[in-house]
Structure formats: C-alpha cells, structure tokens
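Open the model in your viewer and keep the selection tool at hand.

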Amino acid sequence: MGWQSSVLRDERVVFTGIGFVTASLIIFAMNNWLTRWRDETIVTPNPPKTQYITQQTEDSLELKTLDTLLGHYNYAIKETAAKIICDRAANDPGLLETLLWGITRPGYDERVKNLRALAVICVPRVLPLLHTWKAYSAIVRCLELSLDPEQEVLENEGWDDYPLRDITEKMCFIFLEQLVDHYGPEMLIRSKFVERWLSKQNWGRTEEDRQRNFHNYMLYRDNKLKRLADAVRKTGSGRAVLVRCGLMSQEGADDFAAEQADNLNLMDTSGERYNLLLSINMGRTPRAQETSAEEQRIRHRNREAIVVNDGTRPIGRDDIIHRDTEWRVLGEPGQS
C-alpha cells in the first residue's frame, strides 16, 4: 500500500484525474445540447390535407385554365380536367348539336374530329340525348358521306370486310348499335338508314345478286353492320324497306317472318317440348293431362311397384314388379 499512497499524494495524478472527469462531463453535456438543438431546428413538413373539388370549384374554372391542366405532367390532374370538360359538354345541349352538325360536314378531317369528341362525351347518361330524329339523321348522313365509290362487291363468303372499313363508319356503327340495343331499330329505320346507306353498298349489279349477297352476309358475318341490319330485318317495317330497296325478295321476307314466328312459338312451348322429348327418350308415350280425381288416383296407383332383391346382386329391371301388370297376375283385391 506504500506505492498507492504515494501516487495519491502526487498532485499530477490528482489533477490528471480531475481533468479527465471534467472533460468527459463537458463532452457529454455538449453532445446532449447539440442533439437537442438539432431536433429543434428540423422543419417537419405538414401532412397534405385531403381536398375535394366541389361543383362550385368546377364551375369557376375557365376554359383557358382547363386547357392548361390538360397539358399537365400529372396524370391525375389531366384526368380530372378531362372529366370536368366532358361533364360540361354532356350538360350543354348546344354543344351536342354542334358536334352533330360537325359530323355532317363534307370535310373528312372535320367529321373525324367531331366524331371523336362525340365518342368522348358519349357516356351512358348522355345516350338518351342521342335518341332523337336529329341525331339519327346526322349519324346516317355521316355514313352517307363515307361511302366508298370503289368498294368491292360483297360476295366473298369467307372474307369479312369490316376491319378494313373507314374509321368514321366504325364509330357511327358504335353509336347506332348502342341506340338500337336500348331503344330498338324503329328510329333507325325512320331515318332512312337502309335507303341512304345500306342499299348503296356494293351488293352486286343485278337484283338477284344483291339479294343473294345480302343474304350470305347476314348468314356468315358477325360484326356491328350485320347486327344492325339483322335488327332492321326482324321488324315488319324493316323488311318492307329491304324489299323496296331490292335487298330481299317478298317471298324471302315472308319466309323470314314465318321463321321468326316459329321461333317465338318454339320459345313459348319449350317446356312442353322438353317434356315430350323426355318421355320419348324414356320409352313412354306422352299422355294427356288428366283433370279428374279418379284418373289421378288411378295414375298414382299404377306408378306403385315392388322391388324384390335380397341384396346379393345389383337391382335390375327383372327385380321390379309393377302394379298394373304383375300384381294383376298375383291376384289384386277386387279382381278375379
């Protein structure tokens, strides 16, 4: 212990220890102070608040502002601006009339531009606005302006010309198919769709060729044009127009009408026909519907049967004894 006491008495060792402890405390205090200062000086961004666009905000946006938003790099902003423009167009009857007037212009580029704009705003709730005489006439007029004078004869049964048709015709078919599916083909027939466009397709030179090619087109094609023509053909007024335009003969129209009536009758009696086929396949003769209680009692009694099988073999036809045959042989009560 002599050397320890001598070290503790040395002033250099004491001052060195005190200095080390003091330096450690200063470093620890500075570290805490700097950490606290760093945390206080950090600027945390405020979380974004959810904001909804009200109808008042949409109405306050000018067309110039919407045009600028359509060119924004953010897809969500562009989509919102496009929806606002489409909603305004759908609620503006004057704009719809302007577009319908534009698709009847002789200029091809102008028609395509107006057709595309009409396709953008043509949402399901706008479709009733197109179910008017003016809209049908404008669409048929657009089809009439799109007629190809150098069209090939539609006589090839294995080749579908629809994919090669002009874009204006395809867009018009889209509008007309939606309208016909919702409201029927009567307004389409009244707008002279058959006279002004369908009959002017190159179905052939002679009347016989036109009728044959039109019939084959209805038989072998499956596109929007075929579905529109088929909807027209299924109505009496439509068949009359097709006969008048030389696309169907009167005899062919009558046969088609009779076939339609047979199909309707077949649908009405589908349940009876199913029961008939089922009874024939099961080897029984179809019977008439009994109404009296006695006949029903006899029928139910005749359906009774006894199954004789000891379980050592599968049940077969010979194991079933029907009441109306074998029971009479065995001696049924009330019979000799």
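Start with Glu-79, which is partly exposed because its relative accessibility is 32% (buried is under 20% relative accessible area, exposed over 50%, partly exposed in between, with a 1.4 Å probe and protein chains only). This is a predicted model: local features need pLDDT of at least 70, side-chain atom pairs count only at pLDDT 80 or more, and totals for chains, interfaces and linings use all residues. Residues are numbered from 1 along each chain as its sequence is written, and side-chain values use heavy atoms, leaving out hydrogens and water.

Next, select Arg-196 and Glu-144. Their salt bridge spans 3.3 Å, N to O. Arg-196 is in helix H12 (residues 193–196) and Glu-144 in helix H9 (residues 133–145), 52 residues apart.

Now go to Asp-230 and Arg-233. Their closest N and O atoms are 2.7 Å apart, in another salt bridge. Asp-230 is buried at 12% relative accessibility. Arg-233 is buried too, at 11%. Which residues do salt bridges with shared partners join into one network? Select Arg-141, Glu-144, Arg-196 and Lys-200.

Finish by counting: how many salt bridges does a search of the whole structure find? The search finds 16.

How values were computed: Salt bridge = Lys/Arg side-chain N within 4 Å of Asp/Glu carboxyl O. Helix = DSSP H or I, 4+ residues; strand = E, 2+ residues; numbered from the N terminus.
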